[in-house]
Amino acid sequence: MLNSSKKSAPVDKSSAKYKMHMALGLMFLTVFIDLIGFGIIIPLLPLYAKQFGANALTVGMLLMSYSLMQFFFAPMWGRLSDKIGRRPVLLISLAFSALGYGIWGFSNSLAMLFVSRIVAGFGNANLAVAQAYVADVTPEEYRSQGMGMIGAAFGLGFVLGPAIAGIACVNGVNPGILGYVAAFFSIVDLIVTAFILPEPPKRKQSSHNPFSMGAGFYFSTLANKKFALSLFIMFISTFAFANMETTLVLLTSQYYNFSMAQNSYLFTGLGLVMVFVQGGLIRRLGKKYPDAPLISIGTALIAVGLILTPITHSLTVLCVALIILATGSGINTPSNSSLLSKLAPKEETGGVMGIGQSMNTLGRILGPVAGGFLFDTMGAASPYWLGAACMAIAFALSFKLPIIQKIIPSADPQPATEPVPDVVPVQSVT
């Protein structure tokens, strides 16, 4: 007979491992709530803008205005968080996000919509701060797992936000009202951050940082050979993925005559696969393997998925292709972020992660333009061929990434206070 009276050992709330998991859980909640608001607005923007007389070019400029703000200001938020702390910067950025969504709620012209997207883009350029927070509270051996949690929160928020928007629109809620709903989520996030999220205790001050807050730091980081390859892989990976995101609905409509509802189910499934990979699978892989080999695996899977997506008119092949693609992206993105955070000096982590986020944003700016142009001029499959070619380049370059010597996870990990370990460059494949 089993001894049912046996009790599990009590949780040691004073242990470093418990504190690390609590901090990561709170950061997960912060990013998740933030992305719900973002996800609510995105599917509404094109049709709502047309109610104010916008054409397709104007809609594109609206989307670009948001991404451009993130491109320019993500490094600023990251570097500012190096100076004054992660938590204060998150509070400031969330306040701007709420303001931007609130402006959307009472917008009555295209000009107001532009102001809304610019202000919200300025506030939402804070993902690099979240990544720097993860780097602060996790030791090296847990870094990719922590970055995976951020990716999972991003994916869950982006899945739930459009679902809320879709349910609301089906029930006749005005798209403008949903701006206030998005603002509400940002305010909830601000309150959670203000009263629950602690400042990382081991964040180093920037008093000896040789870089400035301006363009000098930006270009110095891009020119630094230590970071350049990882940043370039970030850019072309996002560029290739954005080609797919922009044209997938057009392709499924042309190949399979999908309705808007069917395409919504497809994107929901895509997001859920990425959430599963970034929230679970990457944790197991991150414990066993260094970041660089995981980046190689991720970029290869994305390339295969992009090749398979338009190659036939088989729905089964399409589903398999998108699962492969989402799995690859779920492995590649947090692994690259983890590697970049380990390569950055501790006092510059926020700024370097901000540059990485800007590279991702640049991919989201250029990818949709290239994908849409190719779809119209060279056929439905051409954006995927371009994306696959980009990922083949990323795969080849990944073998030149440095391998951070693996650290065996301890039972009670200490926050990221250890010095950045030496890196061993992998011999290039010729």
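Trainee: Which residues make the nonpolar surface patch of about 350 Å²?

Mentor: The model is a predicted one. Residues of a patch must have over 30% relative accessible area and no salt bridge. The patch of about 350 Å² is made by Met 64, Leu 68, Phe 72 and Val 369.

Trainee: Is Met 64 buried, partly exposed or exposed?

Mentor: Buried means under 20% relative accessible area and exposed means over 50%, with partly exposed in between. The relative accessible area of Met 64 is 33%, so Met 64 is partly exposed.

Trainee: How many salt bridges does the structure hold?

Mentor: Side chains of opposite charge can pair when their charged atoms come close. A pair counts as a salt bridge when a side-chain nitrogen of Lys or Arg is within 4 Å of a carboxyl oxygen of Asp or Glu. The number of salt bridges that the structure holds is three.

Trainee: What is the relative accessible area of Arg 86, which meets Asp 82 in a salt bridge?

Mentor: The side chains of Arg 86 and Asp 82 meet in a salt bridge at 2.7 Å, N to O. Asp 82 counts as buried at 1% relative accessibility. Arg 86 is buried as well, with a relative accessible area of 0%.

Trainee: How many residues apart in sequence are the parts that Arg 86 and Asp 136 tie together?

Mentor: In the salt bridge between Arg 86 and Asp 136, the closest N and O atoms are 2.6 Å apart. Arg 86 lies in helix H4 (residues 86-105) and Asp 136 in helix H6 (residues 127-137), so the parts tied together are apart in sequence by 50 residues.

Trainee: Which helix holds Asp 291, the salt-bridge partner of Lys 342?

Mentor: The closest N and O atoms of Lys 342 and Asp 291 are 2.7 Å apart. This pair links distant parts of the chain, 51 residues apart: Lys 342 is in helix H13 (residues 315-343), and Asp 291 is in helix H12 (residues 291-308).

Note on methods: Residues are numbered from 1 along each chain as its sequence is written. This is a predicted model: local features need pLDDT of at least 70, side-chain atom pairs count only at pLDDT 80 or more; totals for chains, interfaces and linings use all residues. Side-chain values use heavy atoms; hydrogens and water are left out. Patches are made of residues with over 30% relative accessible area and no salt bridge: like charges are joined within 9 Å, nonpolar side chains (Val, Leu, Ile, Met, Phe, Trp, Tyr) within 5 Å. Accessible areas come from the Shrake-Rupley method with a 1.4 Å probe; for residues, only the protein chains shown count as cover. Buried means under 20% relative accessible area, exposed over 50%, partly exposed in between (1.4 Å probe, protein chains only). Helices (H or I, at least four residues) and strands (E, at least two) are DSSP runs, numbered from the N terminus.
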